[in-house]
Amino acid sequence: MSNIIIDSKHEPPGLRGEGFFATKLSDVIGLARKNSLWPLPFATSCCGIEFMATMAANYDLGRFGSERMSFSPRQADLLMVMGTISKKLAPVLRQVYEQMAEPRWVLCMGACASSGGIFDTYSVLQGIDRIIPVDVYIPGCPPRPEQVLDGLLRIQELAQNESFSRRDKPAYKELMRDYGIGDEIN
Ligand code: SF4
């Protein structure tokens with residue numbers, strides 16, 4: 001135990017005596033969620049390669065607590081969609097999203113996933129927001145790893161500051177209803 005006396009004028013908010021810090025449960029949960037996002041990479045084409053570069057040593061997504069990839073939707077809370085999504089594949093993406101437990105976030109990487117990109121054809125989905133809600137978009141074709149990191153930081157901001165009752169709020173339930181995603185699925 002230290003004998004240092006802390007000057008109360010300079011103590012951080014919430015400090016009460018030695019080794020004790022008062023905070024709010026929502027802040028602790030926000031901090032934990034922010035720094036332990038488990039991404040599910042849904043990569044279909046070239047944007048996926050850029051994502052691999054983001055995971056590698058030079059950029060190292062692990063610095064943000066997200067090095068643990070999850071290829072099981074039930075053990076993931078961040079769906080990262082990268083690449084061209086054909087209409088044939090769309091139901092699979094939707095099923096993956098539906099199998100993820102709340103809270104879940106969606107990061108949409110690159111022009112193809114965001115809007116179909118250059119593939120304005122009968123077979124390509126013109127943006128994944130036609131089938132699932134998106135939290136953050138990363139522009140580019142392909143986006144650079146720095147942009148992927150920026151996108152992740154924005155998701156972290158959402159995860160940290162989102163109230164844990166948001167998912168029970170009418171606005172969120174209405175959003176899910178608009179997409180035809182029901183409570184019974186989870
Ligand atoms: S946005 Fe560009 S780089 Fe990304 S999948 Fe589409 S064509 Fe490839």
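A residue is called buried here if 20 or more other C-beta atoms lie within 10 Å of its own, exposed if 12 or fewer do, and partly exposed in between, with C-beta atoms placed from the backbone. By this count, buried residues make up 27% of the 186 residues in the chain. The structure is a predicted model, in which local features need a pLDDT of at least 70 and side-chain atom pairs count only at pLDDT 80 or more, while totals for chains, interfaces and linings use all residues. Residues are numbered from 1 along each chain as its sequence is written.

The chain contains 6 helices and 4 strands; helices (H or I, at least four residues) and strands (E, at least two) are DSSP runs, numbered from the N terminus. Their order from the N terminus is α-β-α-β-α-β-α-β-α-α. Two residues are in contact if their C-beta atoms, placed from the backbone, lie within 7 Å. Of the contacts in the chain with a separation of 6 or more, 79% are between residues 24 or more positions apart.

Because 4 of its 5 residues are buried, β1 is largely enclosed by the rest of the structure. Strands β1 and β2 run parallel and are joined by 5 bridges, where pairing requires that DSSP find at least two bridges between two strands. One of these bridges links P39 to L78 in β2. Together, β1, α2 and β2 form a left-handed β-α-β unit; a crossover is right-handed if, with the strands pointing away from the viewer, the path from the first strand over the helix to the second runs clockwise.

Helix α2 has four named buried residues: C47, E50, F51 and T54. Viewed down the axis of α2, these buried residues fall within an arc of 105°, so they line one face of the helix; the arc is that of the directions from the helix axis to the C-beta atoms.

Helix α5 is represented by V148, which counts as buried because it has 26 C-beta neighbours inside 10 Å. Leaving aside neighbours within four places in sequence, V148 is in contact with E50, F51, T54, M109, I138 and P143. V148 and G110 are 38 residues apart in sequence, and their C-alpha atoms are 9.4 Å apart.

G110 also belongs to the surroundings of the ligand, which comprise S45, C46, C47, G83, T84, G110, A111, C112, G117, C141 and P142; a residue is near a molecule or strand if its C-beta atom, placed from the backbone, lies within 6 Å of it. The elements that give two or more residues to this shell are α2 (46-55) and α4 (110-115). Helix α4 gives the most, with 3 residues. By class, the shell has 6 nonpolar, 5 polar and no charged residues. In this classification, Ala, Val, Leu, Ile, Met, Phe, Trp, Tyr, Cys and Pro count as nonpolar, Asp, Glu, Lys and Arg as charged, and the others, Gly among them, as polar.

Several backbone features deserve attention. Most residues other than glycine have a negative phi, and most peptide bonds are trans. A cis peptide bond, with omega about -10°, joins C141 and P142, and P142 is found in the loop between β4 (136-138) and α5 (145-161). Another cis peptide bond joins E102 and P103, with omega about -5°; P103 is found in the loop between α3 (90-99) and β3 (105-109). D60, in the loop between α2 and β2 (78-82), is a residue other than glycine with a positive phi, near 55°. With 13 C-beta neighbours inside 10 Å, D60 counts as partly exposed.

G30 lies in helix α1 (residues 25-34) and is buried, with 20 other C-beta atoms within 10 Å. Apart from neighbours within four places in sequence, G30 is in contact with A159, Q160 and N161. The C-alpha atoms of G30 and F164 are separated by 8.3 Å, although these residues are 134 apart along the chain. P91, in helix α3, is exposed, with 10 other C-beta atoms within 10 Å. Helix α6 (residues 170-178) is hardly covered, the count of buried residues among its 9 residues being 0. Just after α6, G180 takes a positive phi of about 70°.
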